[in-house]
Amino acid sequence: MSVLQQDVSMKVFEDYESEVRSYSRGFPTIFKSSKGYTLTDVEGRDYIDFFGGAGTLNYGHNNDIMQQKVIEYIQQDGIIHSLDMGTTTRESFLKAFNEIILKPRNLDYKIMFPGPTGTNTVESALKLARKVTGRENVISFTNGFHGMTYGALAVTGNATKRGGAGTSLPNATTMPFDDYMDGFDSAAYIEKLLEDESSGLDLPAAFILETVQGEGGINAASFEWVQKIEKIAKKFDIMLIVDDVQAGNGRTGTFFSFEPMGIEPDIVCMSKSIGGFGLPLAITLFKPEHDIWAPGEHNGTFRGNNLAFLTATEALEQYWKDDKFQDDVQEKGEYISDKLADIIVKYPQLKGELRGRGMMKGIAWQIDEDIASDICAAAFERGLVMETSGPADEVTKLLPPLIIDKEGLKKGIDIMDESIAQVIKDKNL
């Protein structure tokens with residue numbers, strides 16, 4: 001498709017849709033179908049998907065079994081909307097999540113359905129932490145991203161996103177994430193501030209963190225740092241919230257991103273791929289002793305998506321009853337690391353830095369802050385969909401569906417390689 005054809009095809013969006021749209025600008029075509037790790041546009045052109053619905057499509061596009069179950073459920077007049085009334089699909093998901101995910105990991109959490117998106121689960125987590133502790137302040141971390149609603153924005157680092165609130169964002173304090181400054185132990189710094197009654201830091205209700213910061217630049221916290229934060233939380237009776245909206249559901253190589261760290265958060269936020277099929281669903285997990293909600297105290301019209309319960313249960317049944325899928329993700333994560341490391345060596349003038357964990361990886365480019373965006377644009381022209389992340393969009397970010405095969409990964413990374421070479425040539429780097 002020529003640039004002119006793309007401009008014409010995108011005209012309806014430009015004429016009728018708000019300027020707030022973003023992804024349709026970076027991927028200027030009209031998609032009509034998808035399968036596995038491939039997107040197809042109206043011109044019949046295929047694209048390898050390294051975007052994965054921003055981490056929502058871990059199990060790929062239009063999974064055959066999930067798709068068939070949705071069709072059959074609708075044809076049988078299954079319940080679609082039910083708020084938080086009991087339904088067969090809700091019951092099946094609750095049982096499956098407990099039996100397949102929680103019990104094998106020796107985790108004891110109550111499950112809450114706060115609303116259909118990641119920012120909904122974060123809002124519920126913040127409210128619950130404040131309700132349990134009776135405190136208002138929450139400590140978040142530099143480069144963290146937790147959602148676009150008021151409370152979630154308050155604990156988000158990005159200045160542009162925060163500015164969209166149009167008002168002050170109180171009751172949150174930002175602290176340095178792991179390795180924010182070379183050689184600086186931010187955990188020790190936080191502990192010192194909490195110990196010192198003259199530090200000016202109010203004792204918080206909670207810490208909220210991502211073990212791998214997705215939008216913030218694929219920054220992976222060390223296991224030791226997260227363990228220190230948990231230890232501090234216990235010492236000062238502070239609740240630990242892990243936002244696993246993007247890093248969870250197997251993305252980093254285990255179902256929960258924090259599993260290999262040996263910690264047990266008080267609250268866990270999940271959304272995106274928890275629905276299995278790309279359907280909206282979010283859950284908030286918390287220890288039973290924290291379940292002090294009054295009935296309806298946190299509610300929402302769409303806190304029970306029965307189609308998503310159906311596909312979420314199927315995802316658990318298909319992929320998480322044993323370690324086969326998890327092992328496969330870890331193996332592919334190592335493959336991605338090796339290939340990206342080769343690219344970094346191949347183009348030393350760009351000063352690339354490998355980031356991430358599992359199949360949540362990226363390269364941060366230390367030269368020319370527009371280069372990541374240019375690489376993604378060149379990749380799109382060649383049939384690869386990928387996005388940038390980081391405070392200056394300096395990271396090329398890979399979030400392919402976890403079900404992608406080695407052939408698909410190789411094709412996509414080869415396109416990325418070709419795109420980098422083209423950008424270097426265009427910029428005379």
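In which strand is the place of R357? Select β13, residues 352-357, where R357 is found; strands are DSSP runs of E with at least two residues, helices are runs of H or I with at least four, and both are numbered from the N terminus. The model is predicted, so local features need pLDDT of at least 70 and side-chain atom pairs pLDDT 80 or more, while totals for chains, interfaces and linings use all residues. Residues are numbered from 1 along each chain as its sequence is written, and side-chain values use heavy atoms, without hydrogens and water.

Stay on R357. R357 is buried (under 20% relative accessible area, 1.4 Å probe, protein chains only; exposed is over 50%, partly exposed in between). R357 has no salt bridge (a side-chain nitrogen of Lys or Arg within 4 Å of a carboxyl oxygen of Asp or Glu), and D244, the nearest side chain of opposite charge, is 7.0 Å away. The R357 side chain does reach the backbone oxygen of S257, at 3.0 Å.

Next, select helix α10, residues 186-195, where S186, A187, I190, L193 and L194 are buried. Viewed down the α10 axis, these buried residues fall within an arc of 125 degrees, so they line one face of the helix; the arc is taken from the directions from the helix axis to the C-beta atoms. D185 caps the N-terminal end of α10, with a side-chain oxygen 3.2 Å from the backbone nitrogen of A187.

Finally, go to I367, in the loop between β14 (360-365) and α14 (371-381). I367 counts as partly exposed, at 28% relative accessibility. T40 lies 327 residues from I367 in sequence and 33 Å away in space, C-alpha to C-alpha.

Key: Lys, Arg positive; Asp, Glu negative; His and termini not counted. Polar contact = N/O pair within 3.5 Å; in protein donor to acceptor, adjacent residues only side chain to side chain.
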